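Let's take a walk through a protein model together, one stop at a time. Have a look at the chain first, and then we will visit some of its residues and helices.

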Amino acid sequence: MAEDGEEKLLATVQHIVKTLGRTDTMTEDILKVFSNYDGRLSLDKLYATRAAAAAAAVAAAGGGGGEHSVPASPPMPPPPVVHPPAAAIPAVTSLERTVRTLDRQISQFVTMERLIWANSAEADAFLEAVDDLIGTVQELDAAGTNRPLLDRADELLSRCMARLEDEFRALIERPDDVAPAAPGGFASDESEEEDYDADDGYGDEPIPIAKPVSDFDVVIDALPPGSVSDVHQIARRMVDAGFGRECAEAYAAARRGFIDESVARLGIRSRTIDEVHSLPWEELEFDIARWIPAFKMVFRILIPSERRLCDRVFEGLAPYGDLAFVAAVRTQALQLISFGDAVSAASRAPERLFRVIDMYEAVRDLLPDLDPVFSDPYSAALRAEVSAVCNTLGSSIKGIFMELENLIRRDPARVSVPGGGIHPITRYVMNYLRAACGSRQTLEEVMEGDLGAVGGAAIAVDPDRPTSSLAVHIAWIMDVLHKNLETKSKIYRDPPLASIFLMNNGKYIIHKVNDSELGVLLGDEWMKQMMSRVRRWSLEYQRGAWAKVMSVLQTGGPGIGCLPAKALLQKLRMFNGYLEEICAIQSEWVIADEQLREDVRAAISDSVKPAYMSLISRLKSSPEAAQDLFIKHSPEDVEARIQHLFEGVSK
């Protein structure tokens with residue numbers, strides 16, 4: 001009985017179909033409506049019943065009764081498409097109906113002039129249709145029996161992917177225009193929501209404003225959580241359909257504008273290597289001062305934030321997230337890296353050392369933090385580029401530092417410093433080295449040549465290690481400076497003034513070494529040698545400048561070779577002349593260091609004053625000389641004259 005009821009139901013449906021189904025499309029729509037209405041009315045059963053009825057009608061029309069047969073009633077008009085018996089209908093038939101249905105559904109979406117994701121219900125319906133189409137294409141491809149239908153489905157799939165790509169880019173570039181509330185999935189936690197700030201004063205797009213930053217533990221949420229969920233859903237469909245690379249390229253194109261604008265707001269402009277090399281140092285120094293914080297911002301905040309966004313959009317869709325990330329950040333990353341390379345290859349004038357050290361330290365310090373960001377094979381090349389620019393900057397530091405030797409050697413010995421004062425090259429070199437020691441850790445690292453280990457553990461600096469590469473190099477520079485100063489001292493025609501010149505510069509060097517880490521690097525032994533030199537130069541000065549004075553003051557021992565009174569008076573007159581001559585000349589000489597000046601004066605006074613007092617005493621004790629004795633300078637006057645030496649205008 002149940003079977004009879006089902007047959008009657010099928011016959012009724014077929015009658016309705018024949019009556020109303022004027023076209024193939026109308027027939028299919030009616031059959032689909034009935035199949036959705038009652039589980040007994042599956043599409044396969046309806047088509048099989050319809051095909052059997054058509055076959056029976058054909059047999060009745062062609063089978064002859066004899067002469068006495070009753071004329072058959074006129075046959076019903078055949079349906080537009082005559083299907084074979086149910087047992088012979090291939091599986092592709094239902095797939096063809098599915099493709100036609102999906103074509104009608106999807107065409108409504110892909111032809112929309114407004115964005116589909118502006119309406120969440122329509123977006124869900126479109127994604128459902130896309131899922132059905134992807135499954136149908138895979139089934140057709142697996143069957144391999146209906147190539148034309150597969151081509152038609154592929155063409156429809158391409159249209160879907162093109163529209164999905166448009167929606168994908170719109171959600172990324174203009175999230176506020178289309179972002180509906182996220183139905184679930186990628187909901188941000190509380191901390192993420194606090195980090196996101198859509199109101200930056202520059203319109204609707206959440207782009208960060210360039211401000212001074214000291215804390216780099218910041219994440220930029222460039223898309224609201226709902227948009228992230230939506231673009232992930234689109235990305236998953238595109239990858240499932242075999243359009244993963246196109247999806248990655250679309251992501252990169254959409255995000256690149258944001259990254260470019262962010263870097264532009266940091267004040268960075270693109271320069272070629274030739275432009276960098278031709279820039280005046282003042283202008284290049286300004287560019288470097290902007291590059292350092294920009295480099296930190298980009299590689300500590302912008303690029304890690306982009307990696308985080310890529311990982312969320314392409315979660316579970318490797319390697320397309322890695323491809324999208326590299327394509328999005330590569331241009332700006334390489335622009336910053338190329339500037340560092342250009343500076344490394346530019347002039348190695350010593351004054352550039354400190355800015356290049358700043359660049360090197362900025363790159364070196366962030367290298368360990370880049371490992372998790374550039375961990376995939378596609379971005380490993382960028383990580384290698386950053387490491388390479390760190391190495392080239394380190395090599396540049398070493399070259400610039402060594403160029404100081406050439407600068408000292410090339411400094412001409414043409415004009416003497418008035419009064420034997422401190423030479424400008426001495427001031428420059430010592431202040432330069434003293435400032436360089438402020439970056440001793442970096443210089444030790446560079447001079448050791450351990451640039452391959454950059455980004456790893458820092459090289460330990462031994463405070464009592466005067467044999468490091470840096471210490472040896474600085475000692476070598478000091479030796480070059482010493483030889484240069486000895487050459488310059490020969491310009492002075494007066495040997496005592498040459499000794500004053502060497503004393504001044506030697507004492508200045510000692511002061512600068514004692515007052516900085518140079519003393520640690522050069523060591524106690526070097527310091528002892530330098531102090532010994534200063535003492536030697538002081539003795540050479542005393543012998544050269546005061547030898548004839550001391551010779552005049554020699555009167556011989558009592559009772560042994562005693563000089564006559566006239567000879568003693570002649571010595572007194574000669575002493576007065578020598579003293580006035582020396583004081584007139586040497587009052588313009590300079591001993592810059594106060595302690596050294598006092599020590600030299602004391603040494604002169606200790607030698608001259610007792611001898612002069614002895615001469616005066618001999619003259620006063622001589623009856624022959626007493627009547628003609630005129631003492632122009634008392635011992636106190638001589639002392640006072642000596643105390644006014646070495647106070648030249650230029651110290």
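We start at a sulfur atom. The sulfur of cysteine 310 lies 9.9 Å from the closest cysteine sulfur, which belongs to cysteine 247, and that is too far for a bond. A disulfide here is a pair of cysteine sulfur atoms within 2.5 Å. By this rule, the count comes to zero disulfides. Cysteine 310 counts as buried because its relative accessibility is 0%. The word buried stands for under 20% relative accessible area, while exposed is over 50% and partly exposed is in between, using a 1.4 Å probe and protein chains only. Cysteine 390 is buried too, with a relative accessible area of 0%.

Before going on, a word on what you are looking at. This is a predicted model, in which local features need pLDDT of at least 70 and side-chain atom pairs count only at pLDDT 80 or more, while totals for chains, interfaces and linings use all residues. Residues are numbered from 1 along each chain as its sequence is written, and side-chain values use heavy atoms, with hydrogens and water left out.

Now step back to see the whole chain. The protein chain has 24 helices and zero strands. Both are DSSP runs numbered from the N terminus: helices are H or I with at least four residues, and strands are E with at least two. Of the 651 residues in the protein chain, 44% are buried. Contact means heavy atoms within 4.5 Å. Among contacts between residues at least 6 apart in sequence, 79% join residues at least 24 apart.

How do helices sit against each other? Two packed helices are described by the angle between their axes and the distance between the axes. The axes are lines fitted to C-alpha atoms, for helices over the stretch in contact, and the angles run from 0 to 180 degrees between N-to-C directions. Angles under 35 degrees count as roughly parallel, over 145 as roughly antiparallel, 65 to 115 as roughly perpendicular, and the rest as oblique. On the α9 side, Val228, Val231, His232 and Ala235 meet Leu309, Arg312 and Val313 of α12. By class, this contact of α9 with α12 has five nonpolar, one polar and one charged residues. In this scheme Ala, Val, Leu, Ile, Met, Phe, Trp, Tyr, Cys and Pro are nonpolar, Asp, Glu, Lys and Arg are charged, and the others, Gly among them, are polar.

Next come helix α20 (residues 518-553) and α22, whose axes come within 11 Å and cross at roughly 20°. The two helices are therefore roughly parallel to each other. The crossing of α20 and α22 is right-handed. A crossing is left-handed if the near helix is turned anticlockwise from the far one by less than a right angle, and right-handed if clockwise. Residues in this contact include Tyr541 and Trp546 of α20, and Ala603 and Ile604 of α22. The residues of the contact of α20 with α22 divide into 14 nonpolar, three polar and no charged.

Helix α22 (residues 594-621) also packs with helix α21 (residues 565-586), at an angle of about 145° and with axes 10 Å apart. Here α21 passes α22 in a left-handed crossing.

Let's finish with some single residues. Phenylalanine 109 is in helix α4 (residues 92-110), and at 10% relative accessibility it counts as buried. Leaving out residues up to four places away in sequence, phenylalanine 109 touches Ile116, Glu122, Ala125, Phe126 and Arg163. Phenylalanine 109 and glutamate 122 are 13 residues apart in sequence and 8.3 Å apart in space, C-alpha to C-alpha.

Two places in the backbone also deserve a look. The peptide bond from alanine 318 to proline 319 is cis, with omega near 5°, and proline 319 is in the loop between α12 and α13 (320-345). Phenylalanine 646, in the segment after α24 (635-643), has a positive phi of about 65° although it is not a glycine. Is phenylalanine 646 buried or exposed? With a relative accessible area of 0%, phenylalanine 646 is buried.
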